[in-house]
Amino acid sequence: MGMITLRNPSRQEATLLSNIFIDDYMPEANGEFVKVYIYLLRTLSNSPVSFSLEEMADRLLCTERDILRGLKYWSRQDLLTLDFADDKTLTGITLLEPRQKTAPGEEKSAAAPGTGESRTSSLKSFSLTPDRVKELKQNEDMIQLLYIAEQYLGKTLSPTEIQKILFFYDGLGFSTDLIEYLIEYCVSRSHKSIRYIETVALAWAEEGISSVSDAKKANARYSREYYAILKALGITNRSPVETEITLMDTWLKTYGFSMEIIQEACSRTVLQTGQASFQYTDKILEGWKKKQVTSLEDIRSLDAEHKKRRQDKKAPKQTSSSSNRFNNFQQREYDFEEYEKRLLNQ
(Lines give C-alpha, C1' and ligand atoms only; values in the text may rest on other atoms or scores of the structure.)
Protein backbone atom coordinates (compact mmCIF):
# COMPACT_ATOMS: atom_id res chain seq x y z
CA MET A 1 0.00 0.00 0.00
CA GLY A 2 1.46 3.39 -1.02
CA MET A 3 2.16 6.25 1.43
CA ILE A 4 -0.27 9.20 1.62
CA THR A 5 1.03 12.75 2.01
CA LEU A 6 -1.10 15.29 3.89
CA ARG A 7 -0.49 18.94 3.10
CA ASN A 8 -1.76 22.20 4.56
CA PRO A 9 -1.51 24.87 1.84
CA SER A 10 -2.47 27.73 4.19
CA ARG A 11 0.67 27.20 6.34
CA GLN A 12 -1.07 29.15 9.11
CA GLU A 13 1.03 29.63 12.24
CA ALA A 14 -0.41 30.04 15.72
CA THR A 15 0.80 30.58 19.30
CA LEU A 16 -0.97 28.49 21.92
CA LEU A 17 -1.95 30.44 25.04
CA SER A 18 -2.98 28.36 28.06
CA ASN A 19 -6.50 28.90 29.42
CA ILE A 20 -4.99 28.68 32.91
CA PHE A 21 -2.81 31.69 32.07
CA ILE A 22 -5.83 33.62 30.76
CA ASP A 23 -8.02 32.75 33.78
CA ASP A 24 -5.55 32.88 36.69
CA TYR A 25 -2.53 34.94 35.68
CA MET A 26 -3.47 37.49 33.04
CA PRO A 27 -6.19 39.43 34.95
CA GLU A 28 -3.74 40.48 37.69
CA ALA A 29 -0.78 41.30 35.45
CA ASN A 30 0.38 44.58 33.96
CA GLY A 31 -0.46 44.78 30.25
CA GLU A 32 3.21 45.26 29.35
CA PHE A 33 4.10 42.11 31.28
CA VAL A 34 1.44 40.15 29.37
CA LYS A 35 3.02 41.33 26.10
CA VAL A 36 6.39 40.03 27.29
CA TYR A 37 4.99 36.60 28.16
CA ILE A 38 3.09 36.18 24.89
CA TYR A 39 6.15 37.26 22.92
CA LEU A 40 8.18 34.56 24.72
CA LEU A 41 5.58 31.97 23.73
CA ARG A 42 5.72 33.22 20.14
CA THR A 43 9.51 33.01 20.10
CA LEU A 44 9.38 29.55 21.64
CA SER A 45 7.90 28.16 18.41
CA ASN A 46 11.45 28.26 17.05
CA SER A 47 13.02 26.97 20.30
CA PRO A 48 15.81 27.02 21.15
CA VAL A 49 16.44 30.54 19.91
CA SER A 50 18.73 33.36 21.01
CA PHE A 51 17.74 37.02 21.20
CA SER A 52 18.71 40.13 23.15
CA LEU A 53 16.65 42.31 25.45
CA GLU A 54 17.30 45.15 23.01
CA GLU A 55 15.73 43.22 20.13
CA MET A 56 12.76 42.27 22.28
CA ALA A 57 12.28 45.87 23.44
CA ASP A 58 12.35 47.13 19.85
CA ARG A 59 9.78 44.54 18.82
CA LEU A 60 7.41 45.37 21.69
CA LEU A 61 7.99 49.15 21.57
CA CYS A 62 9.13 49.42 25.18
CA THR A 63 12.37 49.76 27.13
CA GLU A 64 14.80 47.01 28.12
CA ARG A 65 14.07 47.83 31.78
CA ASP A 66 10.36 47.17 31.15
CA ILE A 67 11.26 43.82 29.60
CA LEU A 68 13.43 42.87 32.57
CA ARG A 69 10.77 43.92 35.06
CA GLY A 70 8.22 41.82 33.19
CA LEU A 71 10.54 38.80 33.22
CA LYS A 72 11.14 39.15 36.95
CA TYR A 73 7.39 39.45 37.54
CA TRP A 74 6.66 36.18 35.71
CA SER A 75 9.57 34.57 37.55
CA ARG A 76 7.90 35.44 40.86
CA GLN A 77 4.67 33.96 39.48
CA ASP A 78 6.57 30.69 38.78
CA LEU A 79 5.87 30.86 35.06
CA LEU A 80 9.55 30.97 34.14
CA THR A 81 13.04 30.79 35.58
CA LEU A 82 15.86 33.21 34.85
CA ASP A 83 19.57 32.40 34.60
CA PHE A 84 22.10 35.14 35.39
CA ALA A 85 25.86 35.32 34.93
CA ASP A 86 28.19 36.37 37.74
CA ASP A 87 27.93 39.99 36.57
CA LYS A 88 24.11 39.84 36.89
CA THR A 89 23.64 39.69 33.10
CA LEU A 90 20.60 37.69 31.99
CA THR A 91 21.79 34.61 30.10
CA GLY A 92 18.78 32.27 29.91
CA ILE A 93 15.01 31.95 30.22
CA THR A 94 13.09 28.71 30.80
CA LEU A 95 9.31 28.77 30.53
CA LEU A 96 7.34 26.65 33.00
CA GLU A 97 3.90 25.10 32.67
CA PRO A 98 1.16 27.34 34.17
CA ARG A 99 -0.42 25.83 37.26
CA GLN A 100 -4.00 26.48 38.25
CA LYS A 101 -4.17 28.84 41.23
CA THR A 102 -7.77 28.06 42.25
CA ALA A 103 -10.09 25.14 41.67
CA PRO A 104 -12.76 25.69 38.96
CA GLY A 105 -15.64 27.71 40.37
CA GLU A 106 -13.75 28.53 43.55
CA GLU A 107 -13.39 32.24 44.18
CA LYS A 108 -10.25 33.71 45.67
CA SER A 109 -10.71 34.55 49.31
CA ALA A 110 -8.92 37.46 50.87
CA ALA A 111 -9.33 35.73 54.21
CA ALA A 112 -7.78 32.42 53.13
CA PRO A 113 -5.48 31.49 56.02
CA GLY A 114 -1.83 31.99 55.30
CA THR A 115 -2.17 32.81 51.60
CA GLY A 116 -1.90 36.58 51.70
CA GLU A 117 0.54 36.47 54.60
CA SER A 118 3.01 34.16 52.84
CA ARG A 119 2.76 36.20 49.65
CA THR A 120 3.45 39.42 51.55
CA SER A 121 6.38 37.82 53.35
CA SER A 122 7.93 36.76 50.05
CA LEU A 123 7.53 40.29 48.67
CA LYS A 124 9.13 41.82 51.76
CA SER A 125 12.09 39.46 51.49
CA PHE A 126 12.95 40.84 48.06
CA SER A 127 16.19 42.84 48.14
CA LEU A 128 18.06 44.97 45.63
CA THR A 129 21.77 44.54 45.02
CA PRO A 130 23.98 47.62 45.46
CA ASP A 131 24.71 47.57 41.72
CA ARG A 132 21.00 47.54 40.91
CA VAL A 133 20.36 50.42 43.32
CA LYS A 134 23.12 52.42 41.67
CA GLU A 135 21.73 51.64 38.22
CA LEU A 136 18.18 52.66 39.16
CA LYS A 137 19.31 55.91 40.79
CA GLN A 138 20.89 56.87 37.47
CA ASN A 139 17.67 56.19 35.57
CA GLU A 140 16.06 59.41 34.33
CA ASP A 141 12.52 58.23 35.13
CA MET A 142 13.59 57.20 38.63
CA ILE A 143 15.40 60.50 39.23
CA GLN A 144 12.20 62.32 38.32
CA LEU A 145 10.10 60.01 40.53
CA LEU A 146 12.34 60.53 43.57
CA TYR A 147 12.14 64.29 43.06
CA ILE A 148 8.32 64.14 42.89
CA ALA A 149 8.25 61.96 46.02
CA GLU A 150 10.24 64.58 47.90
CA GLN A 151 7.75 67.26 46.86
CA TYR A 152 4.80 65.18 48.10
CA LEU A 153 6.48 64.22 51.38
CA GLY A 154 7.91 67.69 51.90
CA LYS A 155 11.43 66.57 52.78
CA THR A 156 14.64 65.05 51.46
CA LEU A 157 14.29 61.29 51.17
CA SER A 158 16.34 59.13 53.50
CA PRO A 159 18.32 56.13 52.14
CA THR A 160 15.64 53.81 53.60
CA GLU A 161 12.84 55.69 51.86
CA ILE A 162 14.73 55.61 48.55
CA GLN A 163 15.24 51.85 48.96
CA LYS A 164 11.51 51.36 49.53
CA ILE A 165 10.56 53.33 46.42
CA LEU A 166 13.09 51.36 44.36
CA PHE A 167 11.54 48.20 45.82
CA PHE A 168 8.09 49.29 44.61
CA TYR A 169 9.55 49.64 41.13
CA ASP A 170 11.82 46.62 40.87
CA GLY A 171 10.32 44.26 43.44
CA LEU A 172 6.59 44.84 43.02
CA GLY A 173 6.82 45.70 39.34
CA PHE A 174 5.01 49.03 39.73
CA SER A 175 5.44 51.62 37.00
CA THR A 176 6.74 55.07 37.92
CA ASP A 177 3.24 56.47 37.25
CA LEU A 178 1.69 53.99 39.68
CA ILE A 179 4.29 54.76 42.37
CA GLU A 180 3.64 58.48 41.96
CA TYR A 181 -0.11 57.89 42.35
CA LEU A 182 0.57 55.62 45.36
CA ILE A 183 2.46 58.39 47.16
CA GLU A 184 -0.15 60.99 46.16
CA TYR A 185 -2.95 58.75 47.41
CA CYS A 186 -1.30 58.16 50.81
CA VAL A 187 -0.40 61.82 51.31
CA SER A 188 -3.99 62.84 50.46
CA ARG A 189 -5.07 60.70 53.41
CA SER A 190 -2.57 62.48 55.69
CA HIS A 191 -0.09 59.59 55.72
CA LYS A 192 3.50 60.46 54.86
CA SER A 193 5.14 57.52 56.63
CA ILE A 194 7.07 55.24 54.27
CA ARG A 195 5.86 52.31 56.37
CA TYR A 196 2.25 53.20 55.66
CA ILE A 197 3.03 53.74 51.97
CA GLU A 198 4.70 50.33 51.83
CA THR A 199 1.66 48.71 53.50
CA VAL A 200 -0.63 50.16 50.83
CA ALA A 201 1.81 49.13 48.08
CA LEU A 202 1.89 45.54 49.31
CA ALA A 203 -1.92 45.49 49.53
CA TRP A 204 -2.13 46.72 45.95
CA ALA A 205 0.33 44.05 44.85
CA GLU A 206 -1.78 41.40 46.59
CA GLU A 207 -4.87 42.64 44.72
CA GLY A 208 -3.04 42.52 41.41
CA ILE A 209 -3.15 46.29 40.92
CA SER A 210 -0.63 47.13 38.23
CA SER A 211 -1.75 50.47 36.79
CA VAL A 212 -3.09 53.83 37.92
CA SER A 213 -6.52 53.00 36.47
CA ASP A 214 -6.60 49.74 38.47
CA ALA A 215 -5.73 51.64 41.65
CA LYS A 216 -8.40 54.27 41.03
CA LYS A 217 -11.03 51.61 40.39
CA ALA A 218 -10.11 49.80 43.61
CA ASN A 219 -10.20 53.04 45.59
CA ALA A 220 -13.59 53.92 44.09
CA ARG A 221 -14.91 50.47 45.01
CA TYR A 222 -13.79 50.83 48.60
CA SER A 223 -15.21 54.37 48.72
CA ARG A 224 -18.66 53.01 47.77
CA GLU A 225 -18.35 50.38 50.48
CA TYR A 226 -17.34 53.00 53.05
CA TYR A 227 -20.52 54.98 52.40
CA ALA A 228 -22.63 51.80 52.45
CA ILE A 229 -21.25 51.01 55.93
CA LEU A 230 -21.92 54.57 57.12
CA LYS A 231 -25.50 54.25 55.88
CA ALA A 232 -25.92 50.93 57.71
CA LEU A 233 -24.90 52.72 60.92
CA GLY A 234 -27.37 55.52 60.23
CA ILE A 235 -24.69 58.07 59.34
CA THR A 236 -25.52 60.35 56.43
CA ASN A 237 -24.41 63.67 54.95
CA ARG A 238 -20.73 63.31 55.86
CA SER A 239 -17.58 61.50 54.77
CA PRO A 240 -15.79 58.95 56.97
CA VAL A 241 -12.93 60.21 59.12
CA GLU A 242 -9.49 58.62 59.16
CA THR A 243 -10.05 56.41 62.23
CA GLU A 244 -13.28 55.09 60.72
CA ILE A 245 -11.55 54.33 57.39
CA THR A 246 -8.85 52.41 59.25
CA LEU A 247 -11.47 50.24 60.98
CA MET A 248 -13.42 49.68 57.76
CA ASP A 249 -10.22 48.70 55.95
CA THR A 250 -9.64 46.14 58.69
CA TRP A 251 -13.12 44.66 58.22
CA LEU A 252 -12.93 44.65 54.43
CA LYS A 253 -9.30 43.84 53.73
CA THR A 254 -7.77 42.23 56.81
CA TYR A 255 -10.80 40.22 57.94
CA GLY A 256 -12.09 39.81 54.38
CA PHE A 257 -15.74 40.10 55.42
CA SER A 258 -18.46 40.58 52.81
CA MET A 259 -20.64 43.67 52.91
CA GLU A 260 -23.67 41.68 54.10
CA ILE A 261 -21.78 40.47 57.18
CA ILE A 262 -20.49 43.97 57.98
CA GLN A 263 -23.96 45.45 57.52
CA GLU A 264 -25.39 42.79 59.83
CA ALA A 265 -22.89 43.83 62.50
CA CYS A 266 -23.86 47.48 61.95
CA SER A 267 -27.56 46.68 62.38
CA ARG A 268 -26.87 44.86 65.65
CA THR A 269 -24.78 47.78 66.85
CA VAL A 270 -27.64 50.25 66.34
CA LEU A 271 -30.16 47.87 67.98
CA GLN A 272 -27.96 47.26 71.03
CA THR A 273 -26.54 50.74 71.60
CA GLY A 274 -29.11 52.98 69.91
CA GLN A 275 -26.34 54.86 68.13
CA ALA A 276 -23.56 54.56 65.53
CA SER A 277 -20.55 53.06 67.29
CA PHE A 278 -17.63 51.92 65.17
CA GLN A 279 -15.93 50.49 68.26
CA TYR A 280 -18.96 48.32 69.11
CA THR A 281 -19.21 47.10 65.50
CA ASP A 282 -15.49 46.34 65.54
CA LYS A 283 -15.91 44.18 68.66
CA ILE A 284 -18.70 42.21 66.98
CA LEU A 285 -16.69 41.62 63.82
CA GLU A 286 -13.54 40.80 65.76
CA GLY A 287 -15.49 38.11 67.63
CA TRP A 288 -16.93 36.72 64.40
CA LYS A 289 -13.46 36.62 62.88
CA LYS A 290 -12.14 34.60 65.81
CA LYS A 291 -15.04 32.17 65.36
CA GLN A 292 -14.27 31.91 61.61
CA VAL A 293 -17.56 33.38 60.41
CA THR A 294 -17.77 33.51 56.61
CA SER A 295 -21.53 33.81 55.96
CA LEU A 296 -24.84 34.89 57.46
CA GLU A 297 -25.62 31.21 58.00
CA ASP A 298 -22.61 30.97 60.34
CA ILE A 299 -23.95 33.96 62.29
CA ARG A 300 -27.38 32.32 62.62
CA SER A 301 -25.71 29.17 63.93
CA LEU A 302 -23.83 31.18 66.55
CA ASP A 303 -27.08 32.91 67.55
CA ALA A 304 -28.78 29.54 68.00
CA GLU A 305 -25.94 28.25 70.16
CA HIS A 306 -26.00 31.40 72.29
CA LYS A 307 -29.78 31.17 72.77
CA LYS A 308 -29.53 27.52 73.82
CA ARG A 309 -26.86 28.32 76.42
CA ARG A 310 -29.03 31.09 77.89
CA GLN A 311 -32.05 28.78 78.09
CA ASP A 312 -29.99 26.09 79.81
CA LYS A 313 -28.89 28.59 82.45
CA LYS A 314 -32.45 29.78 83.11
CA ALA A 315 -33.98 26.25 83.37
CA PRO A 316 -35.01 25.39 87.02
CA LYS A 317 -32.93 22.71 88.65
CA GLN A 318 -34.75 19.43 89.43
CA THR A 319 -34.36 18.50 93.12
CA SER A 320 -35.27 15.15 94.63
CA SER A 321 -37.32 14.90 97.83
CA SER A 322 -34.39 13.31 99.63
CA SER A 323 -32.33 16.45 99.19
CA ASN A 324 -34.75 18.39 101.49
CA ARG A 325 -33.65 17.96 105.13
CA PHE A 326 -37.24 18.31 106.27
CA ASN A 327 -38.16 15.22 104.30
CA ASN A 328 -35.60 13.01 106.01
CA PHE A 329 -38.10 12.08 108.74
CA GLN A 330 -40.76 9.42 108.36
CA GLN A 331 -44.03 11.14 107.43
CA ARG A 332 -47.10 10.49 109.66
CA GLU A 333 -50.59 9.95 108.31
CA TYR A 334 -53.57 11.57 110.07
CA ASP A 335 -57.39 10.84 109.95
CA PHE A 336 -58.61 14.38 110.59
CA GLU A 337 -62.36 13.37 110.80
CA GLU A 338 -61.68 10.82 113.56
CA TYR A 339 -59.48 13.29 115.37
CA GLU A 340 -62.28 15.90 115.27
CA LYS A 341 -64.87 13.43 116.75
CA ARG A 342 -62.58 12.70 119.68
CA LEU A 343 -62.21 16.38 120.42
CA LEU A 344 -66.02 16.91 120.38
CA ASN A 345 -66.73 13.94 122.75
CA GLN A 346 -64.39 15.16 125.42
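This is a predicted model: local features need pLDDT of at least 70, side-chain atom pairs count only at pLDDT 80 or more; totals for chains, interfaces and linings use all residues.
**Exercise 1.** Determine how many residues lie between β1 and β2 in their hairpin, and which residue in the turn has a positive phi.

*Solution.* Begin with the turn: five residues separate β1 and β2 in the hairpin, and Lys 88 there has a positive phi of about 70°. Strands here are DSSP runs of E with at least two residues, helices are runs of H or I with at least four, and both are numbered from the N terminus. Next, take the pairing, for which DSSP must find at least two bridges between two strands: β1 (residues 80-84) and β2 (residues 90-95) run antiparallel and are joined by five bridges.

Residues are numbered from 1 along each chain as its sequence is written, and side-chain values use heavy atoms, with hydrogens and water left out.

**Exercise 2.** Describe the whole protein by its helices and strands, its buried share and its contacts.

*Solution.* First, count the elements: the protein has 16 helices and two strands. Then consider burial (buried means under 20% relative accessible area, exposed over 50%, partly exposed in between, with a 1.4 Å probe and protein chains only); 33% of the 346 residues count as buried. Among the cysteines, Cys 62 is buried at a relative accessible area of 17%, and Cys 266 is buried at 0%. Lastly, of the contacts (heavy atoms within 4.5 Å) with a separation of 6 or more, 60% come from residues 24 or more positions apart.
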